[in-house]
Amino acid sequence: MATMTMSATCAQPLAARKVRAAKRNVVTRAARDGPVIIGLAADSGCGKSTFMRRMTSLFGGKATPPEGGNPDSNTLISDTTTVLCLDDYHLNDRNGRKESGLTALNLKEQNFDLMYDQVKALKEGKAVEKPIYNHVTGVFDPAEKIESPDILILEGLHPFADERVRDMFDFKIYLDISDDVKFAWKIQRDMAERGHSLESIKASIEARKPDFDEFVDPQKQYSDVIIQVLPTQLIPDDNEGKILRVRMIMKEGVENFDAPYLFDEGSTISWIPCGRKLTCSYPGIKFFYGPDTFFGEEVSVLEMDGQFDKLEELIYVESHLSNTSTKFYGEITQQMLKYQNGPGSNNGTGLFQTLCGLKVRELYERISEKEVVAAA
Ligand SMILES: Nc1ncnc2c1ncn2[C@@H]1O[C@H](COP(=O)(O)OP(=O)(O)OP(=O)(O)O)[C@@H](O)[C@H]1O
Ligand SMILES: O=C(CO)[C@H](O)[C@H](O)COP(=O)(O)O
């Protein structure tokens with residue numbers, strides 16, 4: 001049976017809600033030249049590539065490595081988007097890091113000066129010769145030429161660690177995978193696809209953790225949206241990591257970003273939609289929406305725990321979401337169906353990554369005053 005609880009007044013006093021409405025930050029000045037710059041921070045193996053595929057597909061065309069270039073390039077280019085992997089700005093190669101005794105997560109191992117110079121040049125519409133860190137060989141390959149695109153996406157370990165680079169972003173996203181889930185995903189990938197042993201995977205996660213906590217995790221505080229992936233709360237003491245609780249934490253007052261909401265903006269909503277319109281097998285699906293604080297700042301949170309049995313029924317949930325920046329009824333469902341074989345398509349990771357992609361598309365349209373034609 002579908003259930004919903006809603007509390008509007010206790011969640012947000014009217015005055016606060018009025019301030020929120022007045023804060024809708026639509027940029028009205030003339031279209032800006034140069035690319036719109038988006039950042040995605042996450043640990044490696046946490047679904048950045050999957051996220052990027054979902055996002056770039058919303059701009060049409062296929063994102064592929066530079067034509068005729070190095071097959072081991074980490075760059076993905078489509079008609080409007082260029083995705084740069086920040087591993088290309090490592091200071092040392094694999095041997096160099098052995099000598100320094102530092103991991104690639106350590107800020108000392110990232111060449112932030114070069115990263116800043118090149119992002120600044122791209123922002124000014126200039127092309128750059130960017131290094132390529134080759135993950136197959138562990139050394140730097142000859143540089144590749146990157147032209148200034150319409151939309152520049154920087155993904156990697158440290159997009160927001162350096163203040164100079166951080167200030168150049170139009171929108172900052174942090175993909176926050178909890179340790180338990182990271183472990184489950186890594187086991188799935190590295191054991192099945194790369195033949196690593198359980199012990200070696202455990203050891204590599206443990207070895208990375210202190211540096212991850214010190215150098216990568218703090219970037220959450222600078223992000224406009226954080227997608228947090230946690231174990232489900234629907235199954236007591238679940239340790240399989242298959243059913244996920246995913247939270248989209250959205251900062252208030254971000255320029256050109258109106259946070260999506262469920263049913264009623266500013267209210268606190270708990271919704272179990274498993275009724276006639278949504279098929280739910282055990283353990284079901286639960287949504288939550290409401291205000292909160294994150295690193296001392298006002299945020300709103302959209303949450304989904306559980307997974308869809310029939311993805312096409314997502315349309316029912318979609319019709320209760322607002323401020324989604326879709327261009328036609330059912331666009332979220334259509335996007336999710338398009339990538340239904342990709343990881344996370346039946347749960348909140350796919351849903352919120354798709355939602356994030358739509359918000360980025362709208363942000364780009366507002367800043368550039370160009371229109372993106374949606375794939376019908
Ligand atoms: N939403 C998801 N749900 C379940 N598993 C996922 C999800 N996203 C990613 N994974 C798992 O994590 C693995 C890594 O995903 P992906 O290649 O997108 O990550 P990445 O951050 O780009 O990795 P790397 O930095 O190592 O290139 C996938 O093979 C998949 O097993
Ligand atoms: O964290 C990483 C990527 O985000 C890698 O560990 C880092 O880039 C070093 O790569 P490799 O292990 O191939 O030398």
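This is a predicted model: local features need pLDDT of at least 70, side-chain atom pairs count only at pLDDT 80 or more; totals for chains, interfaces and linings use all residues.
Q: What makes the pair formed by ligand 1 and Cys46 a polar contact?
A: The cut-off for a pair of N or O atoms is 3.5 Å. An oxygen atom of ligand 1 is 3.0 Å from a polar backbone atom of Cys46, so the pair counts as a polar contact. The backbone of Gly47 also supplies a polar atom, 2.9 Å from an oxygen atom of ligand 1.

Q: Which residues come nearest to ligand 1?
A: Gly45, Gly47, Ser49, Thr50 and Thr349, out of 13 residues around the ligand. Helix 2 (48-57) and helix 6 (179-192) each give at least two residues to this shell. By class, the shell holds three nonpolar, eight polar and two charged residues.

Q: How do you know that the shell around ligand 1 draws on both domain 1 and domain 2?
A: At least three of its residues come from each of domain 1 (1-23 + 174-366) and domain 2 (34-169).

Q: What describes the contact between domain 1 and domain 2?
A: The centres of the two domains, taken over C-alpha atoms, are 25 Å apart. In the contact, domain 1 has 34 residues and domain 2 has 31 residues.

Q: Why is an area given for the interface?
A: Because the accessible area lost when parts come together is often used to express the size of an interface. Between domain 1 and domain 2 the buried area is about 2900 Å², with 65% of it from carbon and sulfur atoms.

Q: What makes Asp87 a polar contact of ligand 2?
A: An N or O atom in the side chain of Asp87 is 3.4 Å from an oxygen atom of ligand 2. The limit is 3.5 Å, so the pair qualifies. Arg94 and Arg97 also have side-chain N or O atoms by oxygen atoms of ligand 2, at 2.8 Å for Arg94 and 2.9 Å for Arg97. Ligand 2 has 360 Å² of accessible area on its own, and the protein covers 80% of that.

Q: Which form does the peptide bond from Tyr282 to Pro283 take, cis or trans?
A: The bond is cis, with omega near 5°. Pro283 belongs to the loop between strand 12 (268-272) and strand 13 (285-294).

Note on methods: Residues are numbered from 1 along each chain as its sequence is written. Chains are lettered from A and ligands numbered from 1 in the order in which they are written. Side-chain values use heavy atoms; hydrogens and water are left out. A residue is near a molecule or strand if one of its heavy atoms lies within 4 Å of it. A polar contact is a pair of N or O atoms within 3.5 Å; within protein, one must be able to donate a hydrogen and the other to accept it, and residues adjacent in sequence count only if both atoms are side-chain atoms. Helices (H or I, at least four residues) and strands (E, at least two) are DSSP runs, numbered from the N terminus. Ala, Val, Leu, Ile, Met, Phe, Trp, Tyr, Cys and Pro count as nonpolar, Asp, Glu, Lys and Arg as charged, and the others, Gly among them, as polar. Domain bounds come from an automatic or database domain assignment. Contact means heavy atoms within 4.5 Å. Buried area is the accessible area (1.4 Å probe) that two parts lose on being put together, summed over both. Accessible areas come from the Shrake-Rupley method with a 1.4 Å probe; for residues, only the protein chains shown count as cover.
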